[in-house]
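Look at the structure below, with its sequence beside it.

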There are 2 protein chains.
Amino acid sequence: MNEKLEDVKVRLQEIMDLYLASAVLGWDQQVYMPPGGAESRGNLLATLGKLQHVKATSDELGKLLEGLAPYAETLDPDSDDARLIKIATRDYKKATKVTTEWVGAFAEVTTIGEVKWEEAKEKADFKIFQPHLEKIVELRRQYSDFFKPYDHLYDPLLDDFEPGMKTAEVQSIFNRLRPKQVGLVKAIGARPQVEDDFLHLEYSIDAQREFGTVVATKMGFDWKRGRQDISVHPFTTAFGPGDVRTTTHFHADQVASAIFSTIHETGHALYEQGISPRLARTPLCNGASMAVHESQSRMWENIVGRSLPFWKYFYPDLQKRFSSQLGNVDLKTFYRAINKVEPSFIRTESDEATYNLHIMLRMELEIALIEGSLQVKDLPAAWNDRMKDYLGIIPSNDRLGVLQDVHWSGGMIGYFPTYALGNLVSAQLWEVVRKAIPDIESQFSQGGFDGLLEWLRANIHQHGAKFEPQELVKRVTGSTIDPQPYLRYLEAKYGEIYGL
Amino acid sequence: MNEKLEDVKVRLQEIMDLYLASAVLGWDQQVYMPPGGAESRGNLLATLGKLQHVKATSDELGKLLEGLAPYAETLDPDSDDARLIKIATRDYKKATKVTTEWVGAFAEVTTIGEVKWEEAKEKADFKIFQPHLEKIVELRRQYSDFFKPYDHLYDPLLDDFEPGMKTAEVQSIFNRLRPKQVGLVKAIGARPQVEDDFLHLEYSIDAQREFGTVVATKMGFDWKRGRQDISVHPFTTAFGPGDVRTTTHFHADQVASAIFSTIHETGHALYEQGISPRLARTPLCNGASMAVHESQSRMWENIVGRSLPFWKYFYPDLQKRFSSQLGNVDLKTFYRAINKVEPSFIRTESDEATYNLHIMLRMELEIALIEGSLQVKDLPAAWNDRMKDYLGIIPSNDRLGVLQDVHWSGGMIGYFPTYALGNLVSAQLWEVVRKAIPDIESQFSQGGFDGLLEWLRANIHQHGAKFEPQELVKRVTGSTIDPQPYLRYLEAKYGEIYGL
């Protein structure tokens, strides 16, 4: 037993506890907090964030970690301890670059920002949110400055969500992806559209919720170690592998929205519930990155949840619950409807073929905001211009446009690209899964999802954040993040549906 | 602006933020946390508690407060700043008398104690809990020793919940109260009993909840600054005046239980919502004491909520919602039923006339345990003996007796007396209210509760913890805590109901 390592572990536990306590406060803030609690909640999060920062940047921790470097060399490099020292050292180096004052200001500004964003979105009035977003952009720009020199001003922001990833890498991937994906959407647009009116009849919300629970349970969600609530913007958060919270939302006339949001968030939750309990209360008890996290949610939502075998199993149940809406709709028609490709305004509701275009738009705007080539006040117009360029449509108001996502209000500039990267990783993993479990689709059609979950647990979930995303993807698939498998997947699936 | 005072305020804010963050975690733990979250939640609360203790006992804070004493002399003694310095100095002195070793041992013993108490209660087997309660009693005795010299060994325990109050004072009050209250219960027992079967028919839980919301809203609960959820044991907690949470519980065959638990907790919540926002994030942003807090919940629950004028207004609505259960029950019969007096085993379900006897029994046993004149192993027998003396009934098992309350397992020896004191204070305040607002009951019968709330806000709520309980009660009523008004109230009310 290495004494320094034990000391480090106790210190990291304290830091993790402060982080997890903030996560509980954040969950409550989005799910149950009354509006009057906003100011106090901002103070609480600022105080916890500051204390966490002080502990995460203490000289003692730094010296201990430095002293552990030779010991780490003697360990199996894949062991928990070696990885813990590596990741903790990386995090320490990052954290010590940022001032405590910045951390406090950021927590306060984003807490108020989220409340104001909600109000702005409700009233479709960007001006309510604008001054808060200005402060947020300025703070994120200051954040990047802490990490000078960088290859790109956006690199430090991206690194918060996708450790080790560079802006240039993402841009290179997106540049290979964009023309193919735009081309596919155009080709689909020239074909006869599929019918989906029956998805927009009135569906009882109670029955939607019950069906969602059945699906999440079948996917393997452990209700003793988690729960599901309702929030404006569905999300997943974890306070350890034993307490994983998802949220969803319901709209009577959008039955698919609740179903796929539930499957998506359950995909995230399965990842968190599957992290090895050995890693609890350490910084390794987390997803490897946002993209890897998103690869899990998107695999379940799209590759599994919008597949024919999945609905071979679930459709009879759904049809029975909603016989007046779906009684006369056959499986194939339903399958085509939930895979309808159509340029639309809302990212989270968009189809697989257009989704990444929403992401690229956001990343480009974020880079322009941070660089200062775009002013916050001009953001709604810039948004609408790019929507027209990429998807050929312009939102009629800012609720359907620039105000739709929560991320910027929470200061999460640098987050969006991870969604598209997650889509790419999901397809890379899927190609490996199909080789490893040749009858996986026939398992799905009989309601068997354990095979997939076990594979994901063994190859991805259990490791938590032990491996950085590119390393993990390469270990499992033999390649770093690559757009080709996703393009192959899209072309095969939509080629069949739209007869291309 | 005094610089030392500003420094103190910033330090107190940080301490309060840690306390309030723990309160949010505690709320979630009791209301929504899945079972798998228990271990992690224990860690989070322990870490926040430790950090709070370190900050609350820091030498720097002590020196600053000491240095502020001369400045405080120059202030209006009733000003926020003078009171803040006074209360913060008191809290600092208390916190620094206790050793860190004791704090650690107490946390450990009570954490195990609560688990063992739950098991013991479920199995109605006191022996499971006995060795843990022995340790808890020993630790609480050691706690008192930190505060030597004291007038009474029980004084430091009581002081944790009722600042400034002495055991001798409480004993003197209870000695005047006990014989009168025992006599009243006996006299009632000799009269024909009132009918209340109709309160135990089946009542829809949704409809109960809707009615509770109507009542809480009418009482003045501000839903923008609070919410109500469900938990096994109803409670109220506040994260500042802008975010006050209550819980209630529902039983289909106990409609009165949900109604009065909602009114009771709303009474607590109105106190917290009414504290001046000037006091937010300071130790003054709290109730004056547990007794003063209980005076608010019990006034609303009993003096207001079980009064005829209250139900003159609300009964037609309740009757309409539950026409099959209450359609043939007239107002007077309903009023008598909700005020039925009957010796019973469970404190929380007992009526106004017997409630204080449950409390006196507990306080006497606590004092005997702490003094060592009663051994923990003899506690169940001592409990049952006193139940027979005071209420004429003996519980058939320890779940209905000595194991019913959570308090001792959490180390809260010294808490119980505050419940009875709260009842007494509620009646003292009520006598003043009736003089100040002569038509208050006619206001109630027309659904007007603003007059009472405004009076409470002006005289009690806004001050938070600025005044110690005896001082506050004397300022408002002209007397310290006195049992006579409560006895007058009981005798008038039950004399009429039972025709004494």
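**A sheet in chain B and its surroundings**

In chain B, strand S2 runs antiparallel to strand S3 (residues 244-248), and the two pair over three bridges. Strands count as paired if DSSP finds at least two bridges between them. Strands (E, at least two residues) and helices (H or I, at least four) are DSSP runs, numbered from the N terminus. Within this pair, B:Thr236 stands opposite B:Thr246 in S3(B).

This is a predicted model, in which local features need pLDDT of at least 70, side-chain atom pairs count only at pLDDT 80 or more, and totals for chains, interfaces and linings use all residues. Residues are numbered from 1 along each chain as its sequence is written, while chains are lettered from A and ligands numbered from 1 in the order in which they are written.

The pair belongs to an open sheet of three strands in chain B, ordered S1-S3-S2, with mixed pairing. Strand S1 (226-230) and strand S2 (236-238) of chain B are the edge strands, each pairing on one side only. Helix H10 (residues 255-274) of chain B packs on the sheet and touches S1, S2 and S3 of chain B. Its direction makes about 170 degrees with that of S3(B); axes are lines fitted to C-alpha atoms, for helices over the stretch in contact, and angles run from 0 to 180 degrees between N-to-C directions.

Chain B also meets chain A: 32 residues of chain B are in contact with 31 residues of chain A. Contact requires C-beta atoms, placed from the backbone, to lie within 7 Å. On the side of chain B that touches chain A, H1(B) gives the most, with eight residues.

How values were computed:
Two residues are in contact if their C-beta atoms, placed from the backbone, lie within 7 Å.
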